[in-house]
Amino acid sequence: MRRILLAVGVGCLPVLAQAALSPEQHQKLIETCRWLSKQDLAYGQSWQPPGHPHVITMDCSNTIRFIVWKVFGLNLPRTASSQYVFLKERGKVREVPLRKDGKVDPAELVADMRSGDLLFWEWTYNVPRDPPISHVMIYLGRKKDGQAMMAGSSQRMDGAIVTGK
């Protein structure tokens, strides 16, 4: 079964998980994601970001790892599954809201999310991990028209800021 899981307050680990990002942190998050999208990096491309100590392969988890490092100075583990476990061990994970039919309630999910929250997906492909987390993206907030904005990388959309309701 495919599930979405939510990590809260990634950008504010030193403070309460429910705290929102400061306006400066939010602005840095947006600017970093826009800058990264302009680098025109392909999914799976090796790249050494300016100021970063290592060459990284731009998949979903390394994209989020770079964004979180650049914006918040936090070093997350390599894989989406390891990132999820790292945050869960620190009490930073909550389940997404579900409807009565067991499916994600998108309206409630987006209403509960804050800029800097990470979304994790299970079973987007067959992974031999426990938990079977296979994808991660970061929530950026809402556009003026109310549309949710997320950033990340996937094989379907290389490193771009992704929007959707």
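Modeller: Ring pairs link W35, W47, F66 and W69 into a cluster. This is a predicted model, where local features need pLDDT of at least 70 and side-chain atom pairs count only at pLDDT 80 or more, while totals for chains, interfaces and linings use all residues. Residues are numbered from 1 along each chain as its sequence is written, and side-chain values use heavy atoms, with hydrogens and water left out.

Colleague: What makes two rings a pair?

Modeller: Rings of Phe, Tyr and Trp (its six-membered ring) pair if their centres lie within 6.5 Å. Planes under 30 degrees apart count as stacked, over 60 as edge-to-face and the rest as tilted. By this rule there are five aromatic pairs.

Colleague: Why is the pair of W35 and W47 called tilted?

Modeller: The ring centres of W35 and W47 are 5.9 Å apart and their planes meet at 40°, so the pair is tilted. This pair links distant parts of the chain: W35 is in helix α1 (residues 23–37), W47 is in strand β2 (residues 46–47), and they are 12 residues apart. Helices (H or I, at least four residues) and strands (E, at least two) are DSSP runs, numbered from the N terminus.

Colleague: Is W35 buried, exposed or partly exposed, and how do you know that?

Modeller: Buried means under 20% relative accessible area, exposed over 50%, partly exposed in between (1.4 Å probe, protein chains only). W35 has a relative accessible area of 33%, so W35 is partly exposed. W47 has 13%, so W47 is buried.

Colleague: What about F66 and W69?

Modeller: F66 and W69 form a tilted aromatic pair, 6.0 Å centre to centre with 40° between the planes. They are three residues apart in helix α2, so about one helical turn separates them. F66 has 1% relative accessibility, so F66 counts as buried.

Colleague: Why is P77 called partly exposed?

Modeller: P77 has 23% relative accessibility, so P77 counts as partly exposed. P77 is in the loop between α2 (60–72) and α3 (80–89). Not counting residues up to four places away in sequence, P77 touches R65, S82, Q83 and F86. Contact means heavy atoms within 4.5 Å.

Colleague: Which ring does R90 lie over?

Modeller: R90 lies over the face of F86, at 3.6 Å from the ring centre. The rule asks for NZ of Lys or CZ of Arg within 6 Å of the ring centre and within 35 degrees of the ring normal. F86 is among the buried residues of α3, which also include A80, Y84 and L87. G91 follows α3 and has a positive phi, near 70°.

Colleague: What makes a set of residues a nonpolar core?

Modeller: A nonpolar core is a set of buried Ala, Val, Leu, Ile, Met, Phe, Trp, Tyr and Cys residues joined through side-chain atoms within 4.5 Å. The largest has 30 residues, and I67 and I138 have the most contacts inside it. The elements giving two or more residues to this core are α1, α2, α3, β5 (118–122), β6 (133–142) and β7 (148–151). The largest share, seven residues, comes from α2.

Colleague: What does I138 touch?

Modeller: Leaving aside neighbours within four places in sequence, the contacts of I138 include L29, I64, I67, V68 and L118. L118 is also the bridge partner of I138 in β6.

Colleague: Why is β5 called largely enclosed?

Modeller: Five of the five residues of β5 are buried, so β5 is largely enclosed by the rest of the structure. L118, F120 and E122 lie on one side, L119 and W121 on the other, and all are buried. In a regular strand, side chains alternate between the two faces of the sheet.

Colleague: How do you know that β5 and β6 pair?

Modeller: Two strands pair if DSSP finds at least two bridges between them. Five bridges join β5 to β6, and the two run antiparallel. β6 and β7 also pair in the antiparallel sense, over four bridges. G141 stands opposite M149 in β7. β6 and β7 form a hairpin with five residues between them, and G146 in the turn has a positive phi of about 90°.

Colleague: How many helices and strands are in the chain?

Modeller: The chain has four helices and eight strands. Buried residues make up 47% of its 165 residues.
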